[in-house]
Amino acid sequence: MKTLGLTFFPTQFSGEAAQYELGMHRLPQMIGDAWRPEWIQLPGTDAAVNARRIADTRPDFVLLHAHRLQVPDALALANALGELCPEVPLLQCGWTAHPPYVDAVIAATGPLESPVFGLACGEVEAVLPAVLERVASGAAFLELEGLPGLALRDAREQGWRGSARYEYIHDLDALPDVSLEHIPKAWKESKAGWLELARGCRFRCSFCYGSAFEHPELRRFGPERISAGVLRAAEQGVSVLGLLSSSNSFDVELLRSLVGAFRSQGIRNMAVAGPVHARYVRGEVLDLLGALDWRLMTIGLQTTNHDAQRLIRRGDDPEALAETVERIKAFITPEIEIVLGLPGDSPEGFKSTVRFLLSLPVNITVHTLRLDPWSSFLMEREKLGISADFVKGARVLGHPSFSAEQMEECRTFLRELGAGPWSYRAGQLALDGEHLNAKQKRRAN
Ligand code: SF4
């Protein structure tokens, strides 16, 4: 029997909860009898230490999950492992497994020398089983070329082989239902849980990896799977259930399944957290959302600037958003996300977006623009004149309509706003994870 190393960097969760969060939890049931899974949580970011940790488990094949900020560490690990055991292939998975994105990181960090490095592009459950079957039947690394969703690094040419298309599972209910058999024990300690409701997205925002979907659609799990997941989480004592879906509002059937699961099983002591699209929150959707106990609801506005809205392919109407938050404030103060540094936006446009939100019963979260793997902005960055730091998660440094100095000026504007007297209707103000008005007394809405 061969050993498959299932590897990930430290996360804020540990053990099985981390596996669930990273979407790797179903793999042990999908890899066939020829393989034995070996979970390897890496101790830190030191490539030599991590490589030794992996080598000690004597794997025949390694799958490594990497978040955006971890890609430089993943590549350093690939090089270290390539030296230590050059016969063991390493496949990077997760949404960062995108050849143009990895190429940009390589250009910023140095060459990738490993002779056995590849990317599982798209949803890993759609890529890995065929790869392992081929390896088990004796295929050498470069003989895997041509398998769906696979990009193999050609160390000599410093390029990629394979189609590298974003592969995905079309029928989610065909995935093994691990919810009843493989319960993350760590949930009991953290009280945090996740429930995957759907994948895909109806939108194709230019800054998001959702640009990758060739056929924009929401693929959802069936009501029975959702019901079983809700019940499992409640039985495990989960206090906040993260709803994994691009939106929990633009598909009313999905929402009916979710709320039906809570109601039919009489679950009252479990809150939920997840994203919602403002434009759909009315009528039955509003009633269904209001039936849940929300701990955190995020709504993406991104910007109120028309030019920026056009470029990101999202045209959320600020007035409609204002009406929505007034409707939902009875059961939740939503967190509105906006982006600093969007192409087409300007310092004045950005400040005007912030001022608009200050007058609403919301919490404001500002993210500096990053170039997501698979996103249109990543692929068109030269045309748009965008420069980004690929060592630091592709954080955008500037572009013609928003210079680096102007972005810094806007950060100063936010910090001064947070430090000054707070008489706004909005509650919290946060920039890239830092609460700027934490010392202010939060205003009740
Ligand atoms: S930002 Fe949200 S709505 Fe836009 S494509 Fe991504 S997941 Fe979909």
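The following legends describe close-up views of a predicted model.

**View 1. Packing of helices α2 and α3 in the predicted model.**
Helix α2 spans residues 47-56 and helix α3 spans residues 71-84. Their axes lie 8 Å apart and pack at an angle of about 55°. That angle makes α2 oblique to α3, and the crossing of the two helices is right-handed. On the α2 side, the contact is made by A47, A48, N50, A51, I54 and A55. The α3 side contributes D73, A76, L77, N79, A80, L81 and L84. By class, the residues of this contact divide into 10 nonpolar, two polar and one charged.

**View 2. The seven-stranded open sheet.**
The strands of this sheet follow the order β2-β1-β3-β4-β5-β6-β7, and their pairing is mixed. Strands β2 (35-41) and β7 (159-161) each have a single partner strand and stand at the edges, so one side of each is left without a neighbour in the sheet. On average, and with direction ignored, neighbouring strands are turned by 25° against each other. Within the sheet, β3 (residues 61-65) and β4 (residues 90-93) run parallel and are joined by four bridges. L63 has L91 in β4 as its bridge partner.

**View 3. The eight-stranded open sheet.**
This sheet is also described by its strand order, β8-β11-β12-β13-β14-β15-β18-β19, with mixed pairing. Strands β14 (residues 335-340) and β15 (residues 363-368) run parallel, with six bridges between them. For V339, the bridge partner in β15 is H367.

**View 4. Surroundings of the ligand.**
The residues around the ligand are C201, F203, R204, C205, C208, G210, S246 and G300. Four residues of this shell are nonpolar, three are polar and one is charged.

**View 5. Packing of helices α7 and α8.**
Helix α7 covers residues 223-235, and helix α8 covers residues 252-264. The two axes come within 9 Å and cross at roughly 45°. At this angle α7 is oblique to α8, and the crossing is right-handed. From α7, the residues P223, I226, S227 and V230 meet S257, L258, G260, A261 and F262 of α8. The contact comprises six nonpolar residues, three polar residues and no charged residues.

**View 6. Packing of helices α8 and α9.**
Helix α9 consists of residues 283-290. The axes of α8 and α9 come within 10 Å and cross at roughly 25°. Because angles under 35 degrees count as roughly parallel, α8 and α9 are roughly parallel to each other. Their crossing is left-handed. In this contact, V252, L255, R256 and V259 of α8 meet E284, V285 and L288 of α9. These residues divide into five nonpolar, no polar and two charged. Helix α8 therefore takes part in two of the views, being oblique to α7 and roughly parallel to α9.

**View 7. The hairpin of β16 and β17.**
Strand β16 (residues 387-389) and strand β17 (residues 395-398) run antiparallel and are joined by three bridges. One of the paired residues is D389, whose bridge partner in β17 is R395. The hairpin has five residues between the strands. In this hairpin, G393 takes a positive phi near 65°.

Definitions and conventions: Residues are numbered from 1 along each chain as its sequence is written. This is a predicted model: local features need pLDDT of at least 70, side-chain atom pairs count only at pLDDT 80 or more; totals for chains, interfaces and linings use all residues. Axes are lines fitted to C-alpha atoms, for helices over the stretch in contact, and angles run from 0 to 180 degrees between N-to-C directions. Angles under 35 degrees count as roughly parallel, over 145 as roughly antiparallel, 65 to 115 as roughly perpendicular and the rest as oblique. A crossing is left-handed if the near helix is turned anticlockwise from the far one by less than a right angle, and right-handed if clockwise. Two residues are in contact if their C-beta atoms, placed from the backbone, lie within 7 Å. Ala, Val, Leu, Ile, Met, Phe, Trp, Tyr, Cys and Pro count as nonpolar, Asp, Glu, Lys and Arg as charged, and the others, Gly among them, as polar. A residue is near a molecule or strand if its C-beta atom, placed from the backbone, lies within 6 Å of it. Two strands pair if DSSP finds at least two bridges between them.
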